[in-house]
Structures are given as C-alpha cells and as structure tokens.
Protein chains: 4
Amino acid sequence: MTFDFKVADLSLAEAGRHQIRLAEHEMPGLMALRREFGDSQPLKGARIAGSLHMTVQTAVLIETLTALGAEVRWASCNIFSTQDEAAAAIVVGSGTADQPAGVPVFAWKNETLEEYWWTTTQILSWPGEHGPNMILDDGGDATLLVHKGVEFEAVGEVPAGPSEDDIDYSHEFSVVLDVLRGTLAEDPQKWTRIAADIKGVTEETTTGVMRLYQLAQQDKLLFPAINVNDSVTKSKFDNKYGIRHSLPDGLNRATDVLIGGKVVVVCGYGDVGKGAAEALRGQGGRVIVTEIDPICALQAAMDGYQVARLETVLAQGDIFITTTGNKDVIMAHHMAGMKHQAIVGNIGHFDNEIDIAGLAKTPGIRKVEIKPQVHEWVFPADEANGLAEHTIIMLSEGRLLNLGNATGHPSFVMSNSFANQTIAQIELFTKWNQNDLEGNREYANQVYVLPKILDEKVARLHLDAIGVELTELTKSQAEYLDVEASGPYKSDHYRY
Amino acid sequence: MTFDFKVADLSLAEAGRHQIRLAEHEMPGLMALRREFGDSQPLKGARIAGSLHMTVQTAVLIETLTALGAEVRWASCNIFSTQDEAAAAIVVGSGTADQPAGVPVFAWKNETLEEYWWTTTQILSWPGEHGPNMILDDGGDATLLVHKGVEFEAVGEVPAGPSEDDIDYSHEFSVVLDVLRGTLAEDPQKWTRIAADIKGVTEETTTGVMRLYQLAQQDKLLFPAINVNDSVTKSKFDNKYGIRHSLPDGLNRATDVLIGGKVVVVCGYGDVGKGAAEALRGQGGRVIVTEIDPICALQAAMDGYQVARLETVLAQGDIFITTTGNKDVIMAHHMAGMKHQAIVGNIGHFDNEIDIAGLAKTPGIRKVEIKPQVHEWVFPADEANGLAEHTIIMLSEGRLLNLGNATGHPSFVMSNSFANQTIAQIELFTKWNQNDLEGNREYANQVYVLPKILDEKVARLHLDAIGVELTELTKSQAEYLDVEASGPYKSDHYRY
Amino acid sequence: MTFDFKVADLSLAEAGRHQIRLAEHEMPGLMALRREFGDSQPLKGARIAGSLHMTVQTAVLIETLTALGAEVRWASCNIFSTQDEAAAAIVVGSGTADQPAGVPVFAWKNETLEEYWWTTTQILSWPGEHGPNMILDDGGDATLLVHKGVEFEAVGEVPAGPSEDDIDYSHEFSVVLDVLRGTLAEDPQKWTRIAADIKGVTEETTTGVMRLYQLAQQDKLLFPAINVNDSVTKSKFDNKYGIRHSLPDGLNRATDVLIGGKVVVVCGYGDVGKGAAEALRGQGGRVIVTEIDPICALQAAMDGYQVARLETVLAQGDIFITTTGNKDVIMAHHMAGMKHQAIVGNIGHFDNEIDIAGLAKTPGIRKVEIKPQVHEWVFPADEANGLAEHTIIMLSEGRLLNLGNATGHPSFVMSNSFANQTIAQIELFTKWNQNDLEGNREYANQVYVLPKILDEKVARLHLDAIGVELTELTKSQAEYLDVEASGPYKSDHYRY
Amino acid sequence: MTFDFKVADLSLAEAGRHQIRLAEHEMPGLMALRREFGDSQPLKGARIAGSLHMTVQTAVLIETLTALGAEVRWASCNIFSTQDEAAAAIVVGSGTADQPAGVPVFAWKNETLEEYWWTTTQILSWPGEHGPNMILDDGGDATLLVHKGVEFEAVGEVPAGPSEDDIDYSHEFSVVLDVLRGTLAEDPQKWTRIAADIKGVTEETTTGVMRLYQLAQQDKLLFPAINVNDSVTKSKFDNKYGIRHSLPDGLNRATDVLIGGKVVVVCGYGDVGKGAAEALRGQGGRVIVTEIDPICALQAAMDGYQVARLETVLAQGDIFITTTGNKDVIMAHHMAGMKHQAIVGNIGHFDNEIDIAGLAKTPGIRKVEIKPQVHEWVFPADEANGLAEHTIIMLSEGRLLNLGNATGHPSFVMSNSFANQTIAQIELFTKWNQNDLEGNREYANQVYVLPKILDEKVARLHLDAIGVELTELTKSQAEYLDVEASGPYKSDHYRY
C-alpha cells in the first residue's frame, strides 16, 4: 500500500508541469502573493500538513507556500480527486530556483478508503525531529485525525466502533479507528506530541468549518483556526462561480447528455445551488429547486425557478443534483421512482447526500460500470406493480462529481480560495504567539474569519487579470460613507 | 400650505381603494399578519408616526398597523413619491369594520421642500395630550427631526446654517433648520417632550440605518432602533428584486426608449445595482458597471459585466443609472461629456448621487420640461472646442426614478419589507420595557436587527402565494446540521 | 361624430412635438432616409392613405413620408392605440420648412367601433379631384374596406350580414357592412374609383399579410402589395424585440404586479412569444409555453421553458398572455378555472385570441373597471361546487395590451419597421409601372417581400446609433462565400 | 496504412456498446423511426456510403439505417473526430437480431490527411459486384471525391495541382489529387461507374450544401441531393443548441479555464455564433461579437452583446472563437497582437477560419504540445518593439474544437439532425425513380430541402422524451389559420 511519487513517470510530471504553468496564468492572486512576499519569506519555519484535492491548482498553491518559505507535505482530501500528473509534477519539482527539490505528495486518483487515511497519516508524520506546525485543511480530515488521536491517547484506548457522536463525521469512521488503533499501538503519544506543535489550521469548506465550530463550542479545539470558507471571496466565488463552471463540466464528461430541454432538479439553493441552477439554465435546462430554508426558497422563486418537494417532481426530472451539505437528501426509494436513465449526482459535500448504501441494498439491483465514475444501477422489473426494468446513472458513486468526473473548480476560482488560504496561513503562523492590546493572545483556540480588508485584498489581486477598472473613492465620498478610501467598505454583516 | 385629504375627491379615494384591494392580494405577508394578530391586537396603544412613500402598498401597511390596534399619522418620505389616490383612500377609510374612520395623511405628489418638512412635522405633532410613541421611518427624516429638535432645544438655539457635521445629512438641511427655528420659538420643549415618549423606531433603508449607527456610536441615539433594512427578506428582496422590477418600469414610463441594444452604465453593484443590472440585461441592454469595492467589482465581472471607470465609458453610454448610496457619483462635468440625449437617472438614495446643483450652474445651460419628472438639459454649443449643442435627459430631477417616474416597488416585494416593519414595530412596542435574563433592558438605545427566525418567518408567509413547496428537515437531518427542524437554519453571517 | 384635430389644444400639440423630437433620435433609420432622399423627393406625387397606430413613432414615419414628397392622410388601426399628443402635433405641424402645414389625422384614444370605421373611411376619401394612390396598412383594414367596397359595388348591394367567408375577418364586420351600405347609397362607384387609382399597398402585420396572400391566391387582389411584415428587420425585430420591451411595460402600467416569482403562461412561441418569454424570464417570471407547432414547441423546450397545454396549467398561472395570431386561445371556461386575480392579456393580434364575448355571457359575471383598460371580471360563487367568488383581471379588453396599457413598441424598433415601410412605399410607387427585363410589369397584383439587400440596408441604417462596428468582407472572403462584399449575404431561406 | 476494426479490441467495443445504449435513450427520434419503419424496411437494397464524424451518436444512426434495411460502409469526415470505442462497437456489432454482424468502419481518432482520404475512398469501394447507391455526407468530401473522379476520368487525366477553381475546396486538395491519380491508374472508370449507380446524396452541413448548390447551378450535379442542413430541426437545433452545449465542453476539456469573467470574442453571429454566445454568457463570460452581415450584427446588439471589429478588441479578448463558415477570419497578425495565453479555437467549419499556416510561418515562433489537440504557440520576444515573449493556446489545430477537444454534439441534438438524414435517405431512395403528376422525375439532379411536414415530424418525434405537451388546433382554429390541423403550420419562408 505504500506509494512514492518520487519515482513517478517523468513524462507524467512533465505533462503536469505544462498544466501548472498554464494554471499560474489563471491564478493571479497566488502569483501576486509570490511577488509580494517572496523576499520577506513569512512562512520560513512553517511546516504545513496539507490535505486538499491534489489538482493542478493545488500544485500552484503548494509552490506558493514553498515560495514563501514553508516546508510542505501533501495529501488529497478525496479518494477520487487527485490529478496524477499534478501530483507527479509537484513530487519532481520544477527545477527552478524556487522549487528545486520537489515536495512529498501522498495522493493518487482512485484511492481506497484505507489508502486515503494512510495518506492523511503520512502528511502529519514528518521525518526527523519536528512534526508539522500548521495544518491546511479541506473538509477537516487532517484536523479530525489529530483531535481523535489526542482524545484516544488520553484514555489510552481506541473504541471498537463509532460512538453516537462520532457517527456524524462520516460512514467511513471505522477506517479512522483502525488507523488510530495502529498508531496507538506503535506510538501512544504520537498525536498528543503532534498537536502540541501545531500553531493553527486554516479550513476550506463549509463542512470542515462546521466541525471546527462544534469543537470550539465544546472547548475541544486544540489550536486556533481560520475559517477560510466564509471569506466572501471564497464562499461567494468558489461555491457559486466554481460550481457554475464545474457542474456542467462534470455532467458533460460523465454523460455527454444534452442539458438543454432537460428537467434538472437541484436540491438546495445555497451558494452551491445558486451556481448550479445558473449553469444549468445557461445551458437551456429547466431547473426545479428543492429547499428547506424559506428565505432561500423565496430567492429561488424570485430567480424564476419552480420550487417543489423532491417527491412531487421525481417522475419529471431527467437529472438530479444535490448541493445541500446535508445527508439523506436523495434516498434509495426516491431513485426507485425516477425515470429510466435519470442521472443522479452530488456536488454538495459528502457522498451521504445520496443514499448509496440504501441503493446497494435494493433487492435485485445490479450495478454496471459504464466507465470509471459512471455507473448504471439497474432496478429489476417489478411485475407485481407493472414496472419494467429501469436504470439510473450514478456519477462518482455519489461523491463530488465535479472532482470525480471532471477536474474540479477552474484555476481562477481556486486562486481566490487559495489566496485566502495563503493569507490565513501567514496570519496564523506569524501572529500565533502575539498578544493583542489587552495582553491576550491574538488568536486563541477559537475559529476566526479573515478581516474584511484582507478579503477585499484577495479580490483586488484578481481584478487586473480580467480587465476590471476599479473606481476610487474621493476623500469627501469616503467621509460621507464613513469609511477609509482604501477600505474596508462594508459592515461585517453585509451580504454581497 | 395646509392640506387636508379629509376633503379629498371621493372618486380619487374610490380609485385608490380598488388598487388597495388588488394590492392586498399581492401582499400575502401583511394579510397573514392581519390574520395572525387581528385578535390579539399587539399594537393596541401604539401611536405610530410613519414617514414612508405614500403609495398603494404603504396603504396596505397602514391598514395592517391599524388592524393590529395602532393609531397612525402618515407622511411621505420623498417629495415626488406619493400616489394621491392611495393617500385619498387612506384618509377616507374603507368603511369596513377594520378601517372605519380613515387615517390622517400628510402627503401629495410633488411637494416643495418646505411642504415636505411641514408634513414630517405634522406626523409628529399629534392632537391632544399624547404625542407619538413609535416611529416608522424610511430614510430617517422623522428620526432626524426629533434628534435635531432635542439637540437645539438643549442649547436653546437653532444655528444659522448647517455645521460641518450636519452638512452630510442632505443639501436641504437649511429647510430643516427653518422648521426647527419655528418650533423653538413656538414651543421650546416640543421635541424634548416628544422624544421622551418614543419607545423606538423601525428604519427601512441603508441610508437611514447608517445615520442610526452613527448616532448609536456617538451615544446620541434617544431610543432603540430596529434596522429593518438588513433583514435578508428586505435587503435581498426589496433592494434587488424590487429594483429589477421598478427600474425598467421607471425608464419606460419616463422615456419609452428601447433598452435592447443600448449601453447602460450602472454605477454601483450592491444589491440595488445587482437588481438593476439583471433587469437591464434581461431587456437586452449591454450593462457596464462602475464599482469602488473590489469584491463587488469582481462579482460584476464574474456575472459577465464589463467593469470600468465612469470616465472611460462616458462617450459610450446611452443610459446612466446611479445605485450607490454615495454622493457625487455623476458630476456635471461627466454629463457634459455624454452622448446627445443620454438618459441619466438615480435609483440609489438621495438626489446627491447626481450633481444636479453643478449641472444647473453650467454656463449657458437650459432646462426644458418634456413632461413632469422628465427634463432635457441643453448644453450650449462650444464652438471653441468644436462641440455642437447637445442634451441629456434627466429623470425625476435626480431623485429616485422608480418613485418619481413610476409607482415604486411592486406590492409583493413591499409585502416582504413591510412584514418586517410590522413585526419590528410589534417587537419594539411590546418588549421595550422588558428586561432580559440578566435584568438589562431587552432593547437599549442601540440598533438591532430582527432575529433570523423572524426573518425566515417573513419569507415563509410569502411562499404559498407563488406556489412554492417547502421541504421539511427530518429529525436526523436537523441533528446532522445542528439546527432545529423549524429553523433558524443559517448562521448569522450567512450571506444568501 | 366628426372630429378635427386642427382645432386641437396647442399645448397638447407642443407636448407631442417634444416627444417626436426625442423619438427622432431613437429612429435613426427614418432620419437616415430623410437625409438620403430629402433632395430627390421619390414620393413626390404619392397620396398615401395610412392606417397604423397613431403614436409618437408613427408621427416620425408620417413626417418622413412627407419629407420625401408624399401627401398623407392618417387614421389609427386600433381603437385604443392613439396617443392624442402625437396626433395633435401632426395635425398642427412642426412649423419647420419640412412640415409647414400639418397633416390630416383621424384618430383619438378610445374610439368606438363606429368611429373607428368612420376614420378609416376618411383617410381614403380625399378632398378634390384625386383619391389616394397608395395605402400604408397595418392589419389590412384600409385594404379590406377598398376590396369589400369594390366587391359590393360590383353587385350593387351590401349583404345584410357577414357571410361564411367574411366571418373570419373579425367580429366587427357588421360595422363595416354598415359603412359600405352608407357609401353605396351615397356614391355607388366610390370604392371602384378609389381602387383604380391605387398603385399598391405596403402591409405591416402577420394578420394583414395573411389576408393579402388569400386575396392573391383567389386572384382578387386589386393592386400589388409588399409584405413588410416578413422583412427580417421587421418580423425578427418588431415582433420579438419590440414585444420584449412593451409586454412588461404594458403589464406594469396596467397592474404594477411583480413579475418575479410569478408563473406566466405564454400562449404561442413564434417571434412574439419568443420576445414575451424572454422579457418575462428577464424579470424573474417562471414561463410556461403552450404551442401547436412541434418545431416551436421544441425550441421553447430547448430554451428552458416548460411546454404544456393550457388546461394542464390553468390552476398554476398567475399571468396568461396570448401571442398566437389565432382565435379562441383562451376561452371563457379557461378563465373560470384560473386562480383568483389571475391577469389575462393579449399581445398577439385581434381581441378574438381571448373569448371576451363568452366571458361576458358567463351567468352572474360582473365587470368592474379598475382604471381605463383594466377590468376585473368577478365570477360569482358557485356554492354547488364549493367555489368562492373569484376574479380575473383583463387587460385592454382583450385587445393588444402593449398599445392599450402602454405606448406600444419603442421608437428604435419601430424605426426598423417603418424604414421598411418607407422603402417599400418608394419601391412600389416608383416602380409600379416599370417593366422587368422580359417586358412584364415589375410588380403584378401579387404579394412581394423586399429584396434582401434592402432588408440589410434597413439594418445598416441602425448600427451607428448603438455603436455597432461592422466587419467588412475582404474580396477573397466574398469570393469564397460566393457573395458580393456589399451583400446580400444570405440565401433567401436563411432563418436568422 | 490499412486498418481493420474487425480485429478491434473487444473491450473497447464493449465500452462503446454501453455508450451506444445510453445514447439510444437520448436519441428518441432515431428510435421512433426504427419502430415506425422496422417492419416495412424502406432502405432494403440501399447501399449507403456514409462520411460523417464516427461518434457514439453516429453509431446510433448507422444502426438505425441498418435496422431499416440498408447496407452501410462508414468513414469519419474529420481526422480528429472519431471516438474509437464507437467505431469498435459498430465494427463488432451488437449481437442482437438487428445488428448481428457489424458494419465496416474506416475511421480512427487522429488520422493523417493521407489516411483520411484513403478511408473516404474505402466507403465508396464496395466489395463484389455493386458499388454504393446512396451517399450520406457531412461536408461533402465523399460527394467531392465522386464528382472530381468522374471529371478527371472524363478527360483521362488528373491535374498536377489544384486549379484556381478547386482551391476553394480546401487546402488539402493536393491529397485528393494524389488519391484520384492512384485510382485513375488502377481503374480508369471507377468513379464513373460508381456515380452511375448513385441515386442521391443527403448532406448535413452548410459547407457541403454550398458546394452542392454550386454544382447544381453549373449543371454538374450527378445525382439528386437533399439539403438536410436547412431543415429547421437541423440548422436551428444542431447549429445553435448543439454548439451551446459542445463549445463550453470543448473549452473546458481542453483548458479548464474559468469562462466566468473572461472576455470572449465570438466571430460570427449566425446560428452557430448565436449558440456560442448564449453558452458563454450562460457561464458568465463577457461576449463580444464580430459580424459582416448588418442584420445579424443588429441581432447581436439587440441580444445585448458588444459588436466590434476584431482589430478593436484584440487586446481585450481572453478567448477567441470562430463560427463563420468563412476563411481567414483570425489571421496570424491578429494572433500576434493578442494577450499572453489567449485561447483561440474554431467551431465554424474548416480549419481555414484560422490562419494556422500563417501562424506557423511567423519568424521565430515555436509550437509546444500541452496535450493532444492543445498547443501553445510561443511568439518570440520582439525587443525592437519592446514586446516580451508571449503565447497563444490553439485548440485542435484550428479544426472543430467541439469534435477535437470534446465529443461533438450531444445525442439529443444529433437525434434531430440524424432523423432528418434518415428520413431524407428514405425519401431519395424510395422516390428517386418516381415521376410527379406531370410526368417529371420527382427528384432531378438538383438540391432539395425536406418538405416542412417532415421537418415538423422530426420535431414531433422528440417531444415526449422531454415531457413537452403539444396543443392541438381545433378545426375552426385550423380554418382560421388556413392550415391543416395536423400541419404543416407555417409558410416556407417562416424563420422560427
């Protein structure tokens, strides 16, 4: 099960390097940070354990972190999302002055769950004296491993199975327990030692952030955290504009089905759902939204979409997409009632948005692989009820289809998200031991969002590349609005 | 200058009553509140001074407040925005059990500034022993009058002219000073007495809210305030969807100019600008956005709009619309450089978004009335620079064109805003003297927003009317998300 | 019943003149034709009887025709569509060298049917020796009157009522018979004499064109006709982009109802329906289309609209718009099944798209005027079936709502249509007695469309005004495409 | 250079068969024709030489033709467009009663030009006594080969190089001459013999149709032709909705570049350009259109796009797409003036829309393969003019990027086009020797379009699959419109 990209095919690495070079052009935020901080090396001394989809865009992030002085080890945060050529290129390095030596990467496309948690362990297990002192997380798996490790080391035992509380993390928690059982046997203070060194974590997603707030609320958070997800330039860009791009991309690569004229049911109308609906309508699809929040439901209606319960529209939908961040959104019995060859996919968060487990348990059902990440599930004929054999097409086995069936968000969007990550890493790493004016630690073991001025900075770094001319406030206008001419311009509760 | 709608033309009142009846159907939120609170009369004893555009929709609000037990006096908050038939109908009353007697209204279309501030004074000057005990405000003029009155009564003198600080309120501040000079001479404790009775104010707009936060920050706020503007169901609906409707409506009624194919420069890409841009694109206009905030500018670009400085696109624009909430956005020298017959209008806030004063001072300029609220300003030929005579078309003299040239936001949008207003009035009036768990006043002299669950309630009241089916969380889903199944569903910083 | 705008209120005329001046700026096609043909006076000697909505835009057309040398008499082609200020301004004249004397106009807002057919008679009844020698028609009523007059004069008798064949023209045909009975009594060769002088007719609409093709097919057409409706720059601009503008305009002025979030049923997806659907979606409406043509139905689906039968969606629709050019599209029994306060309007052609007659016959129904052209029809409660009293809102009594409730298409669109009309008038008037190469008359008593090069010319005249830069074909590119570099560029069957 | 898919990898064939099965669901028009004509076998005896992109969708077409009785040989009409798994599946056959044996296919991804024309020769060279008696063409290459073959056989000589007339066909014409030189040497009456047997050709594209009209005009067309391209259900669906889908798909698979916020220059606003612009705007791109036809240019402006000359916007564009059907649209000097890493692609017709030849001749230029069909062209630094080294990204070497970088149009769109093809094959094959009422051949050596009723039939076959409910005309409505209730519904010049 070991894997070493250090011996990776050099031609794969070369292909990845080309793509990285092209992506750099599309990631003006990260490149601007390299120019701004290349000399001052604010991440000198940082040892970052990164758990985030190992794509071409992440490669540009990794090389930005190292260009700012950091040491890095990397794993993907999803078993399907690695682009092998990007991983190979990072392992090999670019051969430039900036990236002479390459970076250890533990990630490949199509990992097993066991392999996945092994790679997550690897990025936290540094050779030599020192472990990592920073975590850069997406979904919170690295943070979870450390926290659970510390918890079990404290009691000296790993439980036999998930408890009532743990069960929510994910259905794969028993694999985590196996891993921790192994480390406890081998090195009973491993995670406690690692945790003590960590100055902070920066977290990318809604899901990971929710976990962090829960830990903080329970006073169990072991180090400060910056919630990158709720930067405007993350949540309103990655979640919305990224999905707008990568949802049809994933659908197309998976199925080549015309979206125009199709009835597409989008479950959820948060930022992800908004981007999904806009993309599908832009392709001529007829979008129907399901929602649980009356405000978002009213927004969907005002945007011209039908809003209905899933049950009402099961027989009309040609394509069903979950975007909720919730579980049990499309259940096996829903899928049994869909049209023949209805397409089902998830672009929200975990694969528990769709009840794959229930689907697999349907009596008589068969699963046929059309191509990797595209499976046809065949419901047997039900003669008692006069139903013919029919099928649904499941994308990426219910995991994120834009990563499993396509290449994830495009570079420009990720440049926004990753500029937030980079700035957050700098912020936590350089200020973790500072005190504020009242003598308190600047960053306690709580969850923070980036100050608005840094959020605006991230946006600012991306304007030139797409030809945006920004207007400047005059002095008297700034006074009239009671803001600085250089920002921040809005109150913290402003919604954009 | 006195005016009494009690003797208004009954046929005008009848026409208004028809429109009110139709509007009620489009205001399901207010009608639901009448059903919910009609029996319990939570506003019994409330004496509300209302300053808000006296339109058909406001008529439904007024009759909702009275149906919940309140006494009301009303003025418009804009000199052009009154619909006379609505005012007449309210003065006359509906003759039903709910509204037997009519409500005093001090408002008519096309007031002078002197008349305007006289009407604002009237709603605060109640006959008999008691003055008002609640303010319902839009733009903050009623609140301003009370605060300035108290301030000047404390020193026993009204200054000769606006001070450096006051100047920001508006260019019409000298009229306010005249009014207060009059009341000081007549009754030197008038405003102090009124202020002492007021339990709170609910405020509708961005501008008024900004004033309130400034007062609170300076510890000068005389009573609690609820910021209705920042309810999601207000700012994201009224500002965005309302403008989407009423901007093209105003343009069409004023000019009948085809929007399709035109270059339209929208200054500002906040909620109002977003609604404006969407409406104009939906009519085939080519929208160019100007912005000062890099985040909003990046949003505009991601939404497919060109983002440029006003100077860059002066010669291309056919129509220019300000939506900023700032001053000095389109200056006289800008207008001098526009195309012949360029159309200029404001849908943001005050008329100081457009430099009308500077325009009037342009040497040799002439102003021709095309029809009420539509004026052609004729720039003389400039032979030295080889420029021919050319004109611009100014809408509503720079004031809000959707109110001046059309009938403001449609009922359904206002039903959201006004349901917030009504709920906020109930909240402040019924809880103003309650203490919280720690013995402090529930509402201090600060600015509050409505709790999210009430915001969600407002949305919920509007779903049935447009056929929205809402999905309900299962118990286990709610636990997974760590929310109540009945809401609230989102964190306070969620942006929608 | 006589009416003479020569004594019209001069202030009305002045208001109209302002609007005409503004409209000229928006009608670059007509103004370019004045510049091109002002000197050569190609319509010198033309005596044009014009029957077309007497709006501000038509005023610019009339003055273009006179600027090119024509004498003109004008009536509206719809009883509701006249803008009185435009009519007054045309009657009074501009006082410039071009239009010193004014033009006889027989049109005012809100004519009765009897008045309407009287005005149509007037434009064909010229004082002095000569009658008209050209007809400019919209809907074909002037052409109908001449053809029916000639037909009845030939047999010396007007039938007592409409025959099986005539019934299709319109339900108002008995008024036409009355008029012709009068002229037959008074001057039994009136129409025969008039018809003999007429060199041709240019016709604006689908409906009028259909009548002309039927006459030509039956060899009954008395003079050549140019089908202006099927110029691309008419059918694809007026019908689509004009409606996109004027449909929401009419809805807004009539009802002020928010379109966002509403279910709008658009009957028909031809050019008018396409423009209607785009406009309503652009305002956040959810559009459902009904269609009889499978190709148009498939287009609607590909454009993302639900396509359903009217019966299926009666209970969902908030607004119903007919755009078909057919009759009996929305019947009384449909309206009986709609939601309370559903809005019903027609923007297709005649008022027979909606079954107003059947509606009026519904037992117990009441009609309440909300304001001019907006009526509420109250269906009585049906206790047997447990139905409460409910109402629908009918716009413009089923006639074209963009004309009845708003001001029709905007100037820029009409500039395209009217440039076609003007060029067609020149074409027929100057070539009616020419022979082609083989010695045949250039224009026989058939229906023609304008050659594509003239259609392209109309487009070309409108580009500069909206900043369009046109690319020119190189010589070798033109050869490659086998076209002239100056056009025409497409085959006759090209669909745009 | 020989190639035989009969020995193709069976697992490739199996993968293709899965995809064909899924595509069948998305091609309801073809499946309906199988049901309608499966028994009557109207193509029994037809020997069809097919030259059309060998994709999964074409596989469904091929198996529809064989299901209707035809024998078939197939080649692709583009060197890059073959999907090998589809070709393999067709060669192997499905093993069902319908397709027991497989069909000879001469096509693979990435052919050389020599290989390409060899495959085209193979589909016309049948084993045994009889050659093909029908051609199904896309782009006209099979038809070209036959016509040129006959022409040269008549004079007994193949010219040394392209003549002035031939040069227009394509820059690869010298390869054609080589092929024909070979066949002339081997069998000097080969093409004459083949042509004599051919009953007709059905042609798919604008380009091929233009060639056919030129041949017919010169009286050189050797057999009747049906212009499938100008069926509404082809030109308005494939060209517009197909491109709307496959353009962003191709861009995404090639580059993964975010379209949102980018300036995209679309050259041409015909049906292809309209679909392209809609797709890119739907993804948040800012589209600028270039046009030579004033009518299409005005349409683009009315649809809200900037219309400019290419030269004007060279420095602004991030992505440039040609859609014109013309040559020399983007020249080498244009590309030299673009932004660094500008993306250039063609989705119009031949690769001569973009001046690849000129690009390759640019002094000092280098071409770097990023991945197959994606090349970076590196312009050297120009120190004299102070220009840094910069690059452009060329997709599919200037050939159709939706085929080269993605999988072409999706199945549902192709079902429309291919239902037209199938119906046209039936029409020509079954009626080629019929006479009409006047004793003339039903189909002479001319170019025909399908009658409208068949065009409507194609649409009708696709409605059920996407849930469209069609309304039926009543008898009296049909009479009012003067059409049959069953169609056709529109005049031939109707533009949709």
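**Figure 1. Asp482(A) is found in the segment that follows α20 of chain A.** Although Asp482(A) is not a glycine, its phi is positive, at about 60°. Asp482(A) is partly exposed, with a relative accessible area of 49%; buried means under 20% relative accessible area, exposed over 50%, and partly exposed in between (1.4 Å probe, protein chains only). In chain D, Asp482(D) is likewise not a glycine and has a positive phi of about 60°. Asp482(D) is placed in the segment after α20 (475-481) of chain D.

The model is predicted: local features need pLDDT of at least 70 and side-chain atom pairs count only at pLDDT 80 or more, while totals for chains, interfaces and linings use all residues. Residues are numbered from 1 along each chain as its sequence is written, chains are lettered from A and ligands numbered from 1 in the order in which they are written, and side-chain values use heavy atoms, leaving out hydrogens and water.

**Figure 2. A cis peptide bond leads from Gly487(A) to Pro488(A).** The omega of this bond is near -5°. Pro488(A) is found in the segment after α20 of chain A. In chain C, the peptide bond from Gly487(C) to Pro488(C) is cis, also with omega near -5°. Pro488(C) lies in the segment after α20 (475-481) of chain C.

**Figure 3. Chain A meets chain B through 70 residues of chain A and 71 residues of chain B.** Contact here means heavy atoms within 4.5 Å. The two chains bury about 6,400 Å² between them, with 57% of it on carbon and sulfur atoms; buried area is the accessible area (1.4 Å probe) that two parts lose on being put together, summed over both. On the side of chain A, Ile292(A), Tyr480(A) and Arg495(A) lose the most area to chain B, together 14% of what that side buries.

**Figure 4. Asp293(A) forms a salt bridge with Lys490(B).** The closest N and O atoms of this pair are 2.8 Å apart. A salt bridge is a side-chain nitrogen of Lys or Arg within 4 Å of a carboxyl oxygen of Asp or Glu, and two are found across the interface of chain A and chain B. Between these chains, 30 residue pairs are in polar contact (both at pLDDT 80 or more). A polar contact is a pair of N or O atoms within 3.5 Å; within protein, one must be able to donate a hydrogen and the other to accept it, and residues adjacent in sequence count only if both atoms are side-chain atoms.

**Figure 5. A rotation of 180° superposes chain A on chain B.** The shift along the axis is 0.1 Å and the RMSD is 0.1 Å, which is the relation of a two-fold axis. Copies are superposed by least squares on the C-alpha atoms of residues with pLDDT of at least 70 in both. Of the residues of chain A, Arg495(A) comes closest to the rotation axis, at 2.2 Å (C-alpha).

**Figure 6. Gln421(D) is buried, with a relative accessible area of 0%.** Gln421(D) lies in helix α18 (residues 411-431) of chain D. Its side chain makes a polar contact of 2.5 Å with that of Thr202(D) and another of 2.7 Å with that of Glu204(D). Not counting residues up to four places away in sequence, the residues that Gln421(D) touches include Leu52(D), Leu136(D) and Val228(D).

Notes. Helices (H or I, at least four residues) and strands (E, at least two) are DSSP runs, numbered from the N terminus.
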